[in-house]
Amino acid sequence: MPEPLQPNRVVPPQSDGPGKARPPAKRAPRKARPESRRHVPEVARGHEAGERTYKRFDLSQRIEHAVFLLSFTTLALTGLIQKFASAGVSEFVLRLLGGIETTRIIHRTAAILLMVVAIYHIIGLLYRLLVRRSRMSMLPVPEDFRHLWQDVLVYLGRRRRKAYYGRFSYAEKVEYLAVVWGTVIMAITGFMMWNPIATARALPGEIIPAAKVAHGWEAVLAVAAILIWHFYNVHLRHFNRSMFNGRLSRAEMEHEHPAELAELDSGVPAPEPSAQDLRRRLRVFIPSATLLTAALGFGLIRFVTLEQTAILTLPPAEVGPAFVPQTPTPAPTPSAAPALPTPSALTWNAGIGQLFADRCGACHGDGGMAGLTLIDYASALRGSDNGPVIVPGEPDTSPLVLRQAAGNHPGQLTPEELELVRQWIDGGAPEQ
Amino acid sequence: MRVRLRLWLPGLLGLVAVPFLLAVAQAARAAPDAAALSRGRLSSSPDAGAAAAEVEGQNDACLACHNQTGLSTTLPSGETLSLYVSPEVFDSSVHGHEGLACASCHTTVGMYPHPPLQASTRRDLSLQLYTVCQDCHATEYALTQDSVHQRARDAGQPEAAVCTDCHGSHGIQPMTDPATGDLLAEARLRIPQTCARCHSTIYDKYLTSVHGSALIGQGNPDVPTCIDCHGVHNIEDPTTAAFRLKSPELCARCHTDPERMDKYGISTQVLQTYVADFHGTTVTLFEKLSPDAETNKPVCFDCHGVHDIARTDDPQRGLQIRENLLARCQRCHPTATANFPDAWLSHYIPSPAKTPLVYAVDVFYKLFIPATLGGMAVLVALDASWQVRKRVKRPPARAAEVSKPEPPAPTPREPQGPAASRPQDSAKEGSGSDEGQHA
């Protein structure tokens, strides 16, 4: 099983630069295909003649790797900051990306890209298996466990040479299978979170939070594995450039894939399918692959457009007017003044004096306002600075009555009280 | 190779470190927004005794007329305005205790005869008089300028509350304990009634809620009264996106307080579990990154209700009843079906009893991840130390070339370089288990 997403070892500097790497890549379909053991050694052009390089990944596989790398990195970045949203770094990146909703859109776009790559990979895989009949060199075999054990012995100083790897070492197989497993898990759990209503129609609702947990941890696992395993094996231990320029040097082949190199050097190439066989197989493969691609593509489109999970604008949590005054509050009606004890007789001493004292005394007490004092009989009859206010026998010309009858005097007598006063003046305003 | 390694590591470190440092700087500028409300209190002057006597004399002059119960006037609007002031009510008010003069607030009336009133309605008069409060209560007054009430008035709704609408005028009662600054128990009870004067329908709803019924019915001091959520003088418009986004913090103030919640057996993990969920994560991020933006993710009150919050085990309205919860989900997810509400873990932290599937997945990964990464890390460490050991033993030029056939190779070879060495030879050097590569 040939593999696109493989870490690989690099051709030393004398091999073709990226620009020059193209001709061999183009030639590849003719001679050797990317698959398994099909690398035909080629003499590198240019300097240091004689150094042979070995084709490892063809252009399409390198492009596939690059697109996968782009979508994986985008997904990891935009996903981890959602999983660890409360971290300060996440907040910073989220702000940079334009907020959580934009980040989700980026994440989902990258997810679509990743699924497109996955579909492409599936089709490519089937082509190599069914049409080219390549060896499934990516599948783990018992041999790989032996290689692992041999390497451990080397590390422990119990053995001199590292294991004798074939086209793909156990380290590479682990990585490939991890990518496959991870992509499958992420696609399934991603679907559940993307389409929770459809999911809950068929499955228990709890599967959605479970999917979220799996999606988040799987991401942590994938990113950590890339950092530990992939970065170490193909970048740190030895910078393997074959995923960028497609080729490995002989020296690299010796270290990374000695068994494969030996096979190549033995000069017994695996049988190539004949042109006739190829044509025959393609006649079946092309329509089937087209159909499968269409089906997977349709599945992807459904995945993305299946449901509108939630309404876009939340209704207000509470509706209704805010200002609804309680029972229209009437202004407190000024309560009537308490009735004074009715004078026993219409004389100053029998009650009229008391009425004046209570009602008018505050302002017209001793030395009252406007010189008017109404708390003793003599002063009351003397009047104000402007003259008498009480004219005995003539209530209708007494200024006090006139003033009170006009209203709006601060210290207003009630109509009943005023009537008493009027009667008292009418009767001559007697003291006794 | 060596050189490359040297370039790579700092490069990687830099990539990680730069965003990290930036984020740290970002966090450092977090502004403490604790708005400590200073209580504007009247300090009694040193010659308080003499002043008090003088004030009393002045007030007696006013009360000589204004203690007459019937004293009133008619405004141009036809409304009757009572001019009566009960000396008992005033004396028992905070201002009475403080010995304020009538003229402290009624600054324009002067002596008798008073200048004619400029107000044509009772409301006009209130709006003219309340501004005097700022003379002593500048802080609170300033806060009210930023309130929903002030904005409503600015927008042409004169009925929106001013100081005296809530506090009263002559009979102002204390709200807080002067010693501690805490809200007095009787004041808590008074607040909903005060707000109810203008917001009667909301008050009616509040009475039906778990909070309102406990406060009004039982005088329970643990439940929120209006101001606990809405604030006091700078009361915010509660219909804005910003208010919505920060509302979970309001609820959390009490609902994450174990002292208060334990009494009622209520979980304090409600905020934590909400924030851990899709809805809460989104709302939290919106609040941090774009506090004024609208989001369609719910906050506490979207599910639990606003003024009519019910207990979750309420026999009629409780969210523990599946149909009620589904109905809530369907407000935003109209096509949701019966299983859907289980996607929400009901504020539970995943546990084997409540949510076995989520718990199991979590446990699986918590074992699987260390196992996988641990295995990888061990192999990487072994390989790295082996590489280092090799380099120490060998000349650097060759060390860079990873594993090399050992010098004492049995097969005689040209000594030049890796390119010339043939793998078959190497294979023979290896241990016997090295064959079988063609499987």
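**Ground rules.** I am working with a predicted model, in which local features need pLDDT of at least 70, side-chain atom pairs count only at pLDDT 80 or more, and totals for chains, interfaces and linings use all residues. Residues are numbered from 1 along each chain as its sequence is written, chains are lettered from A and ligands numbered from 1 in the order in which they are written, and side-chain values use heavy atoms, with hydrogens and water left out.

**Chain A overall.** I looked up the secondary structure and found 16 helices and three strands in chain A. Both are DSSP runs numbered from the N terminus, with at least four residues (H or I) for a helix and at least two (E) for a strand. Of the 432 residues in chain A, 50% are buried. Buried means under 20% relative accessible area, exposed means over 50%, and partly exposed is in between (1.4 Å probe, protein chains only). I then checked contacts, meaning heavy atoms within 4.5 Å. Of those in chain A between residues at least 6 apart in sequence, 70% join residues at least 24 apart. The accessible surface of chain A is about 20400 Å², and carbon and sulfur atoms account for 66% of that surface. Such areas come from the Shrake-Rupley method with a 1.4 Å probe, and for residues only the protein chains shown count as cover.

**Nonpolar cores.** Which residues touch the most other members of the largest nonpolar core? I noted A:Trp217, A:Trp229, B:Val361, B:Tyr365, B:Ile369 and B:Leu373, out of 28 residues in that core. Helices H5 (142-155), H6 (170-194) and H8 (207-236) of chain A and H20 of chain B each supply at least two residues of this core. The largest share, 10 residues, comes from H8(A). A core here is a set of buried Ala, Val, Leu, Ile, Met, Phe, Trp, Tyr and Cys residues joined through side-chain atoms within 4.5 Å. Leaving out residues up to four places away in sequence, B:Val361 touches A:Ala210, A:Val213 and A:Ala214. A second, separate core has 19 residues, among them A:Phe356, A:Leu372, A:Val421 and A:Trp424.

**Salt bridges.** I found 29 salt bridges over all chains, each a side-chain nitrogen of Lys or Arg within 4 Å of a carboxyl oxygen of Asp or Glu. One of them pairs A:Asp144 with A:Lys173 at 2.8 Å, N to O. A:Asp144 is in helix H5 and A:Lys173 in helix H6 of chain A, 29 residues apart. Are these two partners buried or exposed? A:Asp144 is buried at 7% relative accessibility, and A:Lys173 is buried at 7%.

Next I looked at A:Asp265 and A:Arg250, whose closest N and O atoms are 2.4 Å apart in a salt bridge. A:Asp265 lies in helix H11 (residues 258-265) and A:Arg250 in helix H10 (residues 250-256) of chain A, so the pair ties together parts 15 residues apart in sequence. A:Asp265 is partly exposed at 23%, whereas A:Arg250 is buried at 6%.

**Loop residues in chain B.** B:Ser346 has a positive phi of about 55 degrees although it is not a glycine. B:Ser346 sits in the loop between helix H19 (322-332) and helix H20 (356-393), and is partly exposed at 34% relative accessibility. B:His347, also not a glycine, has a positive phi of about 65 degrees. B:His347 lies in the loop between H19 and H20 of chain B and is buried at 18%.
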